[in-house]
Amino acid sequence: MKALFDFMDKNIAPLFEKGGKFERLYPLWEAGDTFNRTPADVTPSAPHVRDSIDQKRLMIFVIYALIPCILFGIWNAGNQFNLANGIESTFGADMARGALMVLPIIFVSYAVGGLWEVLFAVIRRHEINEGFLVTGMLFPLTLAPTIPLWQVAIGISFGIVIGKEIFGGVGYNILNPALTARAFLFFAYPAQISGDKVWVGSLAESPSIVNSILGHSGEYVDGVTQATPLAVAAAAKGSGMAAVDALNHAGYTLQNMTVGNIPGSIGSTSVIAILIGMGFLMLTGIASWRVMVSGIIGCAMMGLLFNALPLDNEFASLPWFYHLVMGGFLFGIVFMATDPVSASATNVGKFIYGFLIGALTVLIRVANPAYPEGAMLAILFMNVMAPLVDHFVVQGHIKKRTAYARALNNA
């Protein structure tokens with residue numbers, strides 16, 4: 001490999017460097033080169049700090065942590081489709097059908113988002129941002145498996161351009177780009193990302209040639225409806241039925257909501273898969289455990305508070321641990337709230353930031369049954385508030401140190 005790298009450094013790299021034939025395409029060369037290896041480049045002036053984990057390796061570790069969610073999401077999308085359409089469900093059939101539904105969404109996200117990244121890098125003459133490796137994967141995992149591909153293209157374009165590039169790229173964005181993209185689709189095209197008709201899909205909407213290969217039941221229906229657990233719990237209000245009873249009546253138990261074989265966004269249904277990713281991120285130190293742990297505590301404490309209040313709201317009576325296994329809260333607090341750019345930077349601030357995300361998620365779910373998935377808005381709101389949280393934390397430290405210094409001078 002050393003001979004190959006030496007050859008590339010001497011004969012290919014100069015073509016893309018300043019004054020080279022392909023100077024304008026340097027961002028593409030740099031992205032490919034640093035993706036495959038850690039170059040020996042150093043800053044022109046001290047201090048020089050080298051570490052085996054650079055930005056690209058850090059982002060790839062997040063992708064590794066997402067693999068359980070990706071694989072389970074592919075299987076679950078196919079499993080839900082086959083079961084709802086009367087097709088024999090086997091592991092192979094579910095994976096094949098799920099791959100056909102999910103992989104195009106991931107491909108479009110990376111292809112369109114990647115084009116925007118390259119365009120901004122070439123125009124601004126800077127390197128391609130490593131953060132897109134994660135954004136391009138997180139965004140598809142927050143979508144319904146039946147989302148039209150043209151909406152995926154529009155959504156990731158909005159997230160990359162409006163959510164990140166207009167602020168200057170990675171390191172300058174205020175909001176999480178993947179969540180910004182999802183929020184745009186949620187408010188611009190709510191019919192394709194919420195409701196009861198988007199989580200499963202039907203044979204009638206799938207190409208006949210695909211159905212002939214992957215199997216069909218012979219009975220085609222125009223649409224398959226399947227409410228998510230959050231929608232079922234929200235609909236319990238005014239029905240006279242407790243939220244837990246409504247969930248059980250709809251076939252949702254604590255067990256299947258933990259395993260994740262239920263309708264929902266592609267990557268957020270399985271608590272087990274998310275916990276595997278969470279454990280990997282905590283062991284490697286890639287993501288902040290303070291944000292994750294405090295977020296779960298905030299969710300639990302707000303759930304317990306609502307349980308104690310005498311409210312005429314079935315969602316408020318939902319046991320606190322149901323909020324952890326329903327919807328996208330756990331996925332959001334593990335993979336999105338921990339974004340090092342849009343989250344709080346101070347250690348104390350991370351505790352406050354995560355705790356408030358958990359508390360706000362439950363508050364939104366209870367106060368606004370029309371929008372039962374509160375995690376997305378809670379994280380985006382705290383993205384905006386994170387600098388303010390850090391400001392007060394830093395000011396608090398300054399006051400303590402100032403008081404300590406004055407005490408020493410007066411001693």
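Q: Is α3 mostly covered or mostly open, and how many of its residues are buried?
A: Mostly covered. This is a predicted model, and in it 21 of the 30 residues of α3 are buried.

Q: What span should α3 have, and what does the model give?
A: Helix α3 runs over residues 55–84, so at 1.5 Å a residue it should span 44 Å. Its end C-alpha atoms are 42 Å apart, which agrees.

Q: Where does α3 bend?
A: At L66, by about 40 degrees. A proline, P68, follows within four residues.

Q: What comes just after α3?
A: G86, with a positive phi of about 70 degrees.

Q: Switching to α17. How far does it reach?
A: Helix α17 covers residues 375–410 and reaches 50 Å from first C-alpha to last. That is close to the expected 52 Å.

Q: Where's the bend in α17?
A: At M385, about 45 degrees. P387 is the proline that follows within four residues.

Q: Which residues of α17 are buried, and what do they pack against?
A: Among them are M376, I379, L380, N383, D390 and V393. The buried residues pack against α7 (177–188), α15 (329–336) and α16 (347–367).

Q: Now the surface. Which residues form the nonpolar patch?
A: I162, I166, F167, Y172, I174 and V384. Together they have about 560 Å² of accessible area.

Q: Where is I162 found?
A: In the loop between α6 (149–161) and α7.

Q: Why is I162 called partly exposed, not buried or exposed?
A: Because its relative accessible area is 36%. Buried means under 20%, and exposed means over 50%.

Terms used:
Residues are numbered from 1 along each chain as its sequence is written. This is a predicted model: local features need pLDDT of at least 70, side-chain atom pairs count only at pLDDT 80 or more; totals for chains, interfaces and linings use all residues. Side-chain values use heavy atoms; hydrogens and water are left out. Helices (H or I, at least four residues) and strands (E, at least two) are DSSP runs, numbered from the N terminus. The expected span of a helix is 1.5 Å times one less than its number of residues. The bend at a residue is the angle between axes fitted to the seven residues ending there and the seven starting there. Buried means under 20% relative accessible area, exposed over 50%, partly exposed in between (1.4 Å probe, protein chains only). Contact means heavy atoms within 4.5 Å. Patches are made of residues with over 30% relative accessible area and no salt bridge: like charges are joined within 9 Å, nonpolar side chains (Val, Leu, Ile, Met, Phe, Trp, Tyr) within 5 Å. Accessible areas come from the Shrake-Rupley method with a 1.4 Å probe; for residues, only the protein chains shown count as cover. A salt bridge is a side-chain nitrogen of Lys or Arg within 4 Å of a carboxyl oxygen of Asp or Glu.
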